[in-house]
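This report looks at one interface between two chains and then at one residue in another chain. The sequence and structure come first.

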Number of protein chains: 4
Amino acid sequence: VVLRTGVGTSTTDSIVFMGRDLCEDILGKWDLGGYAFVCVTGREANDSEARLVNAVMLASADHGFTPSSIAARLTFLGAPEAIQGAIAAGILGAGSVYLGANEQVGRVLIRVMEGRRGRTIETIAKEEVERALASNERLPGFGHPIHRPVDPRTPVLFGLAESEGYLLEHCQLMQAMHEELERIMGRQITLNAAGASGAILCDMGLMPSAMRLLAIASRAIGLMSQLREEEVSPVGQGIWDLVRANTEYLWEG
Amino acid sequence: VVLRTGVGTSTTDSIVFMGRDLCEDILGKWDLGGYAFVCVTGREANDSEARLVNAVMLASADHGFTPSSIAARLTFLGAPEAIQGAIAAGILGAGSVYLGANEQVGRVLIRVMEGRRGRTIETIAKEEVERALASNERLPGFGHPIHRPVDPRTPVLFGLAESEGYLLEHCQLMQAMHEELERIMGRQITLNAAGASGAILCDMGLMPSAMRLLAIASRAIGLMSQLREEEVSPVGQGIWDLVRANTEYLWEG
Amino acid sequence: VVLRTGVGTSTTDSIVFMGRDLCEDILGKWDLGGYAFVCVTGREANDSEARLVNAVMLASADHGFTPSSIAARLTFLGAPEAIQGAIAAGILGAGSVYLGANEQVGRVLIRVMEGRRGRTIETIAKEEVERALASNERLPGFGHPIHRPVDPRTPVLFGLAESEGYLLEHCQLMQAMHEELERIMGRQITLNAAGASGAILCDMGLMPSAMRLLAIASRAIGLMSQLREEEVSPVGQGIWDLVRANTEYLWEG
Amino acid sequence: VVLRTGVGTSTTDSIVFMGRDLCEDILGKWDLGGYAFVCVTGREANDSEARLVNAVMLASADHGFTPSSIAARLTFLGAPEAIQGAIAAGILGAGSVYLGANEQVGRVLIRVMEGRRGRTIETIAKEEVERALASNERLPGFGHPIHRPVDPRTPVLFGLAESEGYLLEHCQLMQAMHEELERIMGRQITLNAAGASGAILCDMGLMPSAMRLLAIASRAIGLMSQLREEEVSPVGQGIWDLVRANTEYLWEG
């Protein structure tokens with residue numbers, strides 16, 4: 001068995017990452033957003049790409065009490081000496097319902113674009129929205145439990161994509177689907193940050209699975225703020241007390 | 001019960017993170033390194049702090065086959081649809097032996113500096129090294145399984161710290177301990193990247209527990225490259241085959 | 001918000017689990033297999049059900065170096081003080097490829113049986129196998145990387161199910177599909193332990209999702225033996241060395 | 001590199017676990033408690049040992065809303081398709097504060113007993129309690145947030161240990177420490193289930209680290225009931241709503 005990898009290797013006096021020398025080419029030169037771009041695409045980020053990945057990842061870091069940050073804080077309550085477990089618990093909920101949404105958006109946009117066959121973006125957007133509604137299918141990237149009717153991150157992310165030159169076909173398709181969806185439903189509908197991020201990342205050439213990776217890693221970063229606060233000013237016990245105080249036991253076996 | 005948090009909150013049309021408006025103040029303006037600094041200190045990063053955190057975190061991201069990346073790839077093998085689990089598995093080994101080292105370095109340096117009482121850095125460095133050797137205690141931040149006698153990241157990290165104005169007392173203490181340790185042992189000893197990082201982060205004012213958080217989050221980012229490669233060019237099965245082929249079962253019950 | 005649960009609750013002097021008093025009705029009277037049955041069905045296990053759940057779970061505990069146990073040992077290498085993280089890493093690979101197989105078997109058997117409409121088990125088995133082969137779909141519960149042509153656990157599990165009175169329709173369907181598959185392929189094909197377990201658990205009335213839960217919990221138990229051995233007689237470092245020694249770095253960026 | 005293991009191995013037609021043939025010696029003959037005993041001791045359980053391990057593990061499975069089960073349910077909310085992640089999140093809090101207590105109890109009892117030097121159990125119990133109080137050290141195994149003044153599991157566990165012949169020196173020491181602690185404090189103090197379990201497991205010859213393993217694995221089993229209920233009758237969203245409704249954002253940066 002020979003295990004082949006192109007990610008990286010190290011010798012006694014050097015570390016190589018994707019063909020670059022870590023110490024000469026990367027440390028002090030790249031930021032984490034640019035590095036993340038290389039991780040998920042295999043090619044070096046230009047300044048625009050690095051800026052956009054930084055922004056997209058910061059938009060999905062954790063900014064308050066979410067299932068993810070609550071799970072992390074409750075885990076810290078039992079095992080404060082193993083804070084890596086609290087971070088892990090916080091990202092384990094990054095699945096189909098939360099945080100996986102940008103991947104789903106990516107899959108839809110890429111599929112629809114691949115079936116374009118010369119038609120206008122408006123036409124294929126309309127077709128996809130009608131198809132999804134007819135088959136009672138949830139369109140990923142739309143709706144939000146809190147941000148209604150506008151997710152404040154969405155116009156900022158699209159604005160950044162435009163100024164960096166990445167507001168391209170997939171973003172236009174997402175926006176066209178948004179307009180079509182609002183027209184049919186007769187009301188404003190949130191195009192959420194995962195929807196905007198998924199579209200921008202498509203236009204930057206990422207695979208959908210890479211999009212979820214970015215969301216997971218950004219959450220790991222954001223959870224640091226939660227756990228630092230939990231360490232100095234804890235609420236974990238308070239959350240537990242609150243849940244107990246509002247629980248009703250009812251056995252109907 | 002009232003749960004108090006200063007990390008963040010959101011309303012229908014805004015998201016606040018540590019007193020700043022995410023959409024106006026952060027997206028497109030901060031990079032992930034600067035954001036990470038705010039997460040673990042609670043105060044805004046200046047450009048130097050953001051640059052240093054980016055470098056320190058990139059130095060501990062995963063650049064090859066380590067226990068962390070192997071565990072992540074083996075987890076992906078069984079559950080490719082739940083890639084958040086693979087990332088989580090990869091960071092769960094960030095404990096006392098690996099990746100927690102910068103935290104331990106931070107604890108030592110802060111403790112020694114607090115007991116300084118007007119003495120020179122050389123004096124307290126000598127005292128600590130002698131104390132550790134006498135009590136057969138392992139000094140964190142020294143030694144490396146691969147990088148001998150020099151961890152190539154260490155001079156680069158200290159160089160960056162110097163040019164950004166953060167090569168201060170704790171870095172000097174770490175370097176003085178290094179010299180003393182080599183003098184006593186009569187041979188070159190690696191001052192590893194965790195040692196350099198822990199010292200720099202002390203000089204930037206971080207708590208030791210925050211240092212481990214940075215290492216964990218940086219690993220989450222680095223693991224993206226491993227899992228993206230595992231998806232397109234897998235080695236997980238090969239690792240398993242290799243282990244099986246080299247295993248000897250011996251029951252001595 | 002009122003949070004309703006029927007699982008359990010506790011007062012100052014009692015603990016209730018699914019309508020029973022833990023101290024009076026359960027401790028010293030139930031074994032873990034019977035308890036596991038209650039967990040996943042909500043109803044008390046009779047002796048046969050407890051025996052079968054014990055056997056099914058023991059069949060999927062970990063008995064050697066698997067991706068799961070290797071990931072757990074590598075995690076322990078970095079964080080021996082947080083052994084819960086090593087167990088967690090070991091179960092995170094229990095997904096669609098490994099350990100989730102009994103759930104998939106359960107879904108197939110229940111779906112096929114629901115579409116029976118008075119036909120014989122042989123007829124619907126034949127139809128399902130032909131359908132799967134025609135659509136190039138992998139039939140869960142068949143094949144094994146090591147146990148060929150017979151998984152030694154399968155006849156034992158079916159034998160136990162028979163003697164406890166649970167070798168019913170779903171088991172017969174699984175066996176009929178097995179015969180049909182071998183007939184069409186013209187060679188012996190392994191009906192693996194996950195296949196047998198899924199069929200037996202169907203005949204015991206479990207939901208498919210509950211089957212994966214049993215596999216995950218049984219793995220948590222089995223991993224104890226791996227981690228106890230890793231503590232006293234470690235191989236984690238050896239696995240890492242082995243991987244490194246057999247790795248070839250090749251950057252084709 | 002040769003990797004040596006005595007846990008288990010498999011060939012095409014057999015599976016061996018700690019020197020026994022899984023199919024001939026274990027399936028249908030052992031229950032999970034007996035298997036767990038073998039996992040953590042390396043020797044076969046007699047009927048008494050199997051019964052006690054079943055009881056001890058059932059006493060620490062999860063019977064209501066605890067940090068562990070809340071974290072598991074919140075994780076399920078985001079990733080229902082990856083239920084192994086929810087189980088993992090639920091056990092990651094099994095650390096120094098929760099669930100690790102039986103290990104700590106084991107360490108204390110073994111240390112105190114090793115320093116006995118011919119004295120009576122009452123004498124060494126008194127000495128240890130006085131020492132801990134004088135140095136302001138928390139004695140593990142005492143106190144409980146809910147069960148006051150008696151943890152209802154404790155008398156049942158000690159009763160079972162007695163009838164199975166395992167109420168030996170370490171149990172007596174724990175009980176003597178309990179009496180001494182209550183005498184000094186002048187009030188009733190809970191000897192909790194972790195305290196009773198740790199003492200019993202000491203008398204059965206387990207290493208302290210093995211005790212935490214049992215607690216973790218038992219929690220994995222108990223969490224099945226939580227996740228099965230969450231699937232059919234969810235409260236995860238309700239917990240999140242409750243937390244949000246009781247949160248106050250206050251930035252004092």
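How many salt bridges are counted between chain D and chain A? The count is zero. The model is a predicted one, and the values below are computed from it.

Polar contacts are found across this interface: 12 residue pairs of chain D and chain A meet the rule, both residues being at pLDDT 80 or more. Three elements of chain D each give two or more residues to the side that touches chain A, namely α4 (67–78), α5 (83–91) and α12 (236–245). The largest share of that side is from α4(D), with seven residues. Sorted by class, the chain D side that touches chain A holds 18 nonpolar, 10 polar and three charged residues.

The extent of the contact between the two chains is listed here.

| Item | Value |
|---|---|
| Residues from chain D in the contact with chain A | 31 residues |
| Residues from chain A in the contact with chain D | 31 residues |
| Area buried between chain D and chain A | about 2800 Å² |
| Share of that area from carbon and sulfur atoms | 73% |

The second topic is a residue of chain B. Ala101(B) lies in helix α6 of chain B, which covers residues 101–114. Its relative accessible area is 16%, so Ala101(B) counts as buried, the cut-off being under 20%. Beyond its neighbours within four places in sequence, Ala101(B) is in contact with Pro140(B) and Ala194(B). Gly198(B) is 97 residues away from Ala101(B) along the chain, and the C-alpha atoms of the two are separated by 8.0 Å.

Definitions and conventions:
Residues are numbered from 1 along each chain as its sequence is written. Chains are lettered from A and ligands numbered from 1 in the order in which they are written. This is a predicted model: local features need pLDDT of at least 70, side-chain atom pairs count only at pLDDT 80 or more; totals for chains, interfaces and linings use all residues. Side-chain values use heavy atoms; hydrogens and water are left out. Contact means heavy atoms within 4.5 Å. Buried area is the accessible area (1.4 Å probe) that two parts lose on being put together, summed over both. A salt bridge is a side-chain nitrogen of Lys or Arg within 4 Å of a carboxyl oxygen of Asp or Glu. A polar contact is a pair of N or O atoms within 3.5 Å; within protein, one must be able to donate a hydrogen and the other to accept it, and residues adjacent in sequence count only if both atoms are side-chain atoms. Helices (H or I, at least four residues) and strands (E, at least two) are DSSP runs, numbered from the N terminus. Ala, Val, Leu, Ile, Met, Phe, Trp, Tyr, Cys and Pro count as nonpolar, Asp, Glu, Lys and Arg as charged, and the others, Gly among them, as polar. Buried means under 20% relative accessible area, exposed over 50%, partly exposed in between (1.4 Å probe, protein chains only).
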